[in-house]
Amino acid sequence: MKAAIVEAVVVEGKYDAIRLHSVVDTTIVVTDGFGIFKQPEKMELLRRLARAQGLIVLTDSDAAGFVIRDRISGTLPTEQVKHAYIPEIVGKEKRKKEPSKEGLLGVEGIDGDTVLNALWRAGATPLNGEKAQSVRYLSKARLYADGLSGGEDSARLRRQLLQYLELPVKLSANRMIEVLNVLLTEEEYEQALTQVKGESK
């Protein structure tokens, strides 16, 4: 049985939409890659959907996906947009002859449970109206105190933590703060950090 959520979801291609349709019942908009930036009417649709029901951006975890994600979020009010991330998994979709430029699976190549979990972790609202309230415990000061910024080994530790959490390692420190405040409780964050620091010794 598919989940039903309030927010509309934007993905890059039609095969991503097919994957999403298999696990969730909601409005799905396809960007046609970078094509959306030449289609003002589609950008306006995203604005209207974001105002009406909120929007979740679910792009691939490669560089192109981040460009599309940043362009969309940069044109819409922050409070109307949520970000869902798939893990970086090396591989090739069955329908493709060659892997992507960065050799990573896109949304279409990720299993349905992982895609759906990414939406829940992003704060997707079930249609029953029960919406979990996120608590902001992570800040720039906390990131520094925990050794994830400002130190000689901070970049490596940050990358290891993101890999451990199955999140894109390309997340900047600021985006990481935003994402972890939504995806993890403070206790889960502390447990993950302790685990990663233990493994890196």
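The following dialogue examines how several labels were assigned in this predicted model.

Biologist: Why is the pair of Y137 and Y189 called tilted?

Modeller: The ring centres of Y137 and Y189 lie 5.7 Å apart, and rings pair if their centres lie within 6.5 Å. The planes of the two rings stand at 45°; planes under 30 degrees apart count as stacked and those over 60 as edge-to-face.

Biologist: Are Y137 and Y189 buried or exposed?

Modeller: Buried means under 20% relative accessible area. Y137 has 12% and Y189 has 0%, so both are buried.

Biologist: How do you know that the charged end of R69 sits over the ring of F66?

Modeller: The charged end of R69 is 5.9 Å from the centre of the F66 ring, and the distance limit is 6 Å. R69 also lies over the face of Y85, at 4.1 Å from the ring centre.

Biologist: Why is the contact between R47 and E44 called a salt bridge?

Modeller: The closest N and O atoms of R47 and E44 are 3.5 Å apart, and the rule asks for a distance within 4 Å; the contact therefore qualifies. The two residues are three apart in helix α2 (residues 40–53), which means that about one helical turn separates them. R47, at 30% relative accessibility, is partly exposed, and E44, at 34%, is partly exposed as well.

Biologist: Which residues are joined with R142 into one network of salt bridges?

Modeller: R142 forms a salt bridge with D146, with the closest N and O atoms 3.0 Å apart. Both R142 and D146 are buried. Through salt bridges that share partners, R142, D146, E186 and E190 form one network. The count for the structure comes to 10 salt bridges.

Biologist: What makes up the lining of the largest cavity, by class?

Modeller: The largest cavity, with a volume of about 30 Å³, is lined by A84, Y85, A118, R121, A122, L167 and L183. Arg counts as charged, whereas Ala, Tyr and Leu count as nonpolar; the lining therefore has six nonpolar, no polar and one charged residues.

Notes: Residues numbered from 1 in each chain as written. Predicted model: local features only at pLDDT ≥ 70, side-chain atom pairs only at ≥ 80, totals over all residues. Heavy atoms only, no water. Phe/Tyr/Trp six-rings, centres within 6.5 Å; stacked < 30°, edge-to-face > 60°. Buried < 20%, exposed > 50% of the residue type's maximum accessible area, 1.4 Å probe, protein only. Lys NZ or Arg CZ within 6 Å of the ring centre and 35° of its normal. 1 Å grid on protein atoms, 1.4 Å probe; cavity = no way out; pocket = protein on both sides within 12 Å on 5 of 7 lines; lining within 4 Å. Points joined across faces, edges and corners; volume = space filled by probe spheres on them. Salt bridge = Lys/Arg side-chain N within 4 Å of Asp/Glu carboxyl O. Helix = DSSP H or I, 4+ residues; strand = E, 2+ residues; numbered from the N terminus.
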